[in-house]
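Here is a short report on one protein chain.

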Amino acid sequence: MPSIATLAADAILGLAAKFFRIMREKEQVTLEAFQQVIDSRQRRQNLGAFLRAGCPRFVELSSKLFRGIPQERAREIMGQNFFGLDEAVKYFLITPSHEQSVALGEVPFSEEILMSLRDTHLLVAVFPLTIPQIKSRSGSCWGLRVCYATHGSVFNQNDGRLPEELSILQEQGEAEWWLIQKAPLDGSYDKSWEDQLALTSPSEQTVPTAQVATYATVGHFLATEEKLFDGTVARTSSRIGQRHLNLGFFESEVRLEDSGSHAYANVPLVVARRPDA
């Protein structure tokens, strides 16, 4: 006899199959459109918000839709707290694809939000690079090291070499804009992961991955020589098993460390502003 969990899973799969069939056959939604939602965090968030709102008619929604602002206007507002396509090409040797250029063509934050956060946040166009790729492209020629050493269980403490077999460090992320707070979240020192999350505003804030935080920290230093998270290691959302991956800046080193989820006096939280709905 099938378990309750099996029946629930079968019901979910059946409902999903029916949804996709109806959307394709009756609403002419293509597989490519579904794939775009799967591949893009922004599109997933947009669809989730639309479904939670009860799927209002598009004609009612269209006047309220936020379509983003041009990258050059965002650069004007943010000043040196901006790391866009030109900076990615210069410092990380990126060659953007047409799809990536389109995806990053508009910034998903309003002028009002950018104006209010221009001094405290970094607006960065993150490209799909793994942390080892970020490390290799930041190079000693820039007077910077990206090292991997730590509280203890995961990284080689003797020479800081990257353990290439860790799948979390092979994740590339997506081509998308992030608005990252340059200082750790206020009040998040000496608190556990759960207590740190309780300090955030879920509708406005999110915790970036180690890949996003590393890309932003290294890129911003290469462009401006300003150090984010200087003298501390801030928690990201990335985990290796039960341990969190943290990131900080010490002298000329960007350092990745692993730690547990409990409170540490010198491990605050990295946060970012969610895109405008």
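The largest cavity has a volume of about 30 Å³. The model is a predicted one: local features require pLDDT of at least 70, side-chain atom pairs count only at pLDDT 80 or more, and totals for chains, interfaces and linings use all residues. Residues are numbered from 1 along each chain as its sequence is written, and side-chain values use heavy atoms, with hydrogens and water left out.

The structure holds 1 cavity of 30 Å³ or more. Its lining is made by I131, I168, L169, E171, T209, A210, Q211, S238 and L245. By class, this lining has 5 nonpolar, 3 polar and 1 charged residues. (Ala, Val, Leu, Ile, Met, Phe, Trp, Tyr, Cys and Pro count as nonpolar, Asp, Glu, Lys and Arg as charged, and the others, Gly among them, as polar.) A cavity here is a set of points on a 1 Å grid over the protein atoms alone where a 1.4 Å probe fits but cannot get out; a pocket is an open set with protein on both sides within 12 Å along at least five of seven lines; lining residues have an atom within 4 Å of a point. Grid points are joined across faces, edges and corners, and a volume is the space filled by probe spheres set on the points.

The second largest pocket has a volume of about 240 Å³. It is lined by 16 residues, and R41, E176, W178, T209 and V212 are the closest to its centre. Helix α3 gives the most, with 3 residues. The lining divides into 4 nonpolar, 6 polar and 6 charged residues. T209 also belongs to the lining of the largest cavity.

**Helix packing**

The chain has 11 helices and 11 strands. Helices (H or I, at least four residues) and strands (E, at least two) are DSSP runs, numbered from the N terminus. Axes are lines fitted to C-alpha atoms, for helices over the stretch in contact, and angles run from 0 to 180 degrees between N-to-C directions.

| Helix pair | Angle | Axis separation |
|---|---|---|
| α9 (residues 131–138) and α11 (residues 210–224) | about 10 degrees | 10 Å |
| α6 (residues 85–92) and α11 | about 80 degrees | 10 Å |

Helix α9 is therefore roughly parallel to α11. On the α9 side, I131, I134 and S138 make the contact; on the α11 side, A210, Q211, T214, Y215, V218 and L222 do. These residues divide into 6 nonpolar, 3 polar and no charged. Contact means heavy atoms within 4.5 Å.

Helices α6 and α11 are roughly perpendicular to each other. Angles under 35 degrees count as roughly parallel, over 145 as roughly antiparallel, 65 to 115 as roughly perpendicular and the rest as oblique. A88, Y91 and F92 of α6 meet Y215, V218, G219, L222 and A223 of α11. Here the classes are 7 nonpolar, 1 polar and no charged.

**Single residues**

Of the 277 residues of the chain, 43% count as buried. Buried means under 20% relative accessible area, exposed over 50%, and partly exposed in between (1.4 Å probe, protein chains only). T217 sits in helix α11. Is T217 buried or exposed? T217 is buried, because its relative accessible area is 0%. Not counting residues up to four places away in sequence, T217 touches L228, F229, L247, F249 and V254.

S101 lies in helix α7. With a relative accessible area of 30%, S101 is partly exposed. Beyond neighbours within four places in sequence, S101 is in contact with L85 and P96. S101 and E176 are 75 residues apart in sequence, yet 10.0 Å apart in space, C-alpha to C-alpha. E176 is among the residues closest to the centre of the second largest pocket.

E112 belongs to helix α8 (residues 111–117). E112 counts as exposed, at 60% relative accessibility. Its C-alpha atom is separated by 9.9 Å from that of I77, 35 residues apart along the chain.

Two backbone angles deserve a look. Most residues other than glycine have a negative phi. L93 is not a glycine, but has a positive phi of about 55 degrees. L93 lies in the loop between α6 and α7 (98–103) and is exposed, with a relative accessible area of 59%. D190 also has a positive phi, near 55 degrees. D190 is in the loop between β6 and α10 (193–199).
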